[in-house]
Amino acid sequence: MNKIFKADDETTGRIHDQLIKLSALRQQYSRVAASVPVIEREQLSHLIETAFWSSLKSNEGRTTRALITVTSPESF
């Protein structure tokens with residue numbers, strides 16, 4: 001399958017860079033001194049690809065919307 005959002009794509013890289021900046025800000029201003037894991041570019045690419053294709057489908061006549069939270073397994 002051809003992917004639209006590849007890991008080495010400029011758009012994916014820009015999103016990844018923003019996530020790194022947000023993670024650094026969260027660590028700086030968080031009261032909890034826990035490290036925030038950053039999702040890898042390949043994982044981000046797969047996540048965006050899945051959300052994009054899912055958004056083209058409908059469920060009972062309504063478009064699909066996604067709210068995505070990325071967290072580490074240790075936080076459960």
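**Entry 1: the outward face of H1**

I began with the face of helix H1 that is turned away from its buried side, and there I found the exposed residues Glu10, Arg14, Lys21, Leu22, Gln28 and Tyr29. For my notes, exposed means over 50% relative accessible area, buried means under 20%, and partly exposed is what lies in between (1.4 Å probe, protein chains only). Helices are DSSP runs of H or I with at least four residues, strands are runs of E with at least two, and both are numbered from the N terminus.

A reminder to myself on the source: this is a predicted model, in which local features need pLDDT of at least 70 and side-chain atom pairs count only at pLDDT 80 or more, while totals for chains, interfaces and linings use all residues. Residues are numbered from 1 along each chain as its sequence is written, and side-chain values use heavy atoms, with hydrogens and water left out.

**Entry 2: the inward side of H1**

Which residues of H1 are buried? I noted Thr12, Gly13, His16 and Ser23. They share one side of H1, because they cover an arc of only 100° around the axis. That arc is taken from the directions from the helix axis to the C-beta atoms. I kept a general rule beside this: an α-helix has 3.6 residues a turn, so residues three or four places apart point the same way.

What do the buried residues of H1 pack against? I found helix H2, residues 41-55.

I also checked the length of H1. The helix has 20 residues (10-29) and should span 28 Å at 1.5 Å a residue; its end C-alpha atoms are 29 Å apart, which agrees. The expected span is 1.5 Å times one less than the number of residues. At the start of H1, I saw a side-chain oxygen of Asp9 come to within 3.3 Å of the backbone nitrogen of Thr11.

**Entry 3: H2 from end to end**

Next I turned to H2. Its 15 residues reach 21 Å from first C-alpha to last, close to the 21 Å expected at 1.5 Å a residue. Leu44, Ser45, Ile48 and Glu49 are the buried residues I listed in H2. An arc of only 135° around the axis holds them, which puts them on the same side of H2. The buried residues of H2 pack against H1.

**Entry 4: Ser45 and Ala7**

Is Ser45 buried or exposed? I read a relative accessible area of 0%, so Ser45 is buried. Setting aside neighbours within four places in sequence, I found Ser45 in contact (heavy atoms within 4.5 Å) with Lys3, Phe5, Lys6, Ala7 and Thr12.

I followed Ala7 next, which sits in the segment before H1. Ala7 counts as buried at 18% relative accessibility. Leaving out residues up to four places away in sequence, Ala7 touches Thr12, Arg41, Glu42 and Ser45. Gln43 belongs to helix H2 and is partly exposed, with a relative accessible area of 45%.

**Entry 5: the rings**

How many aromatic pairs does the structure hold? I found 2. Rings of Phe, Tyr and Trp (its six-membered ring) pair if their centres lie within 6.5 Å; planes under 30 degrees apart are stacked, over 60 edge-to-face, and the rest tilted.

Phe5 and Phe52 make an edge-to-face pair, at 5.7 Å centre to centre and 70° between the planes. Phe5 lies in the segment before H1 and Phe52 in helix H2, so this pair ties together parts that are 47 residues apart in sequence. The rings of Phe52 and Trp53 have centres 5.1 Å apart and planes at 75°, so that pair is edge-to-face too. I noted that ring pairs link Phe5, Phe52 and Trp53 into a cluster. Phe52 is partly exposed at 28% relative accessible area, and Trp53 counts as partly exposed at 39%.

**Entry 6: the whole protein**

Last, I stepped back. I counted 2 helices and 2 strands, running α-α-β-β from the N terminus. Buried residues make up 16% of the 76 residues. Of the contacts with a separation of 6 or more, 60% come from residues 24 or more positions apart.

How values were computed
A polar contact is a pair of N or O atoms within 3.5 Å; within protein, one must be able to donate a hydrogen and the other to accept it, and residues adjacent in sequence count only if both atoms are side-chain atoms.
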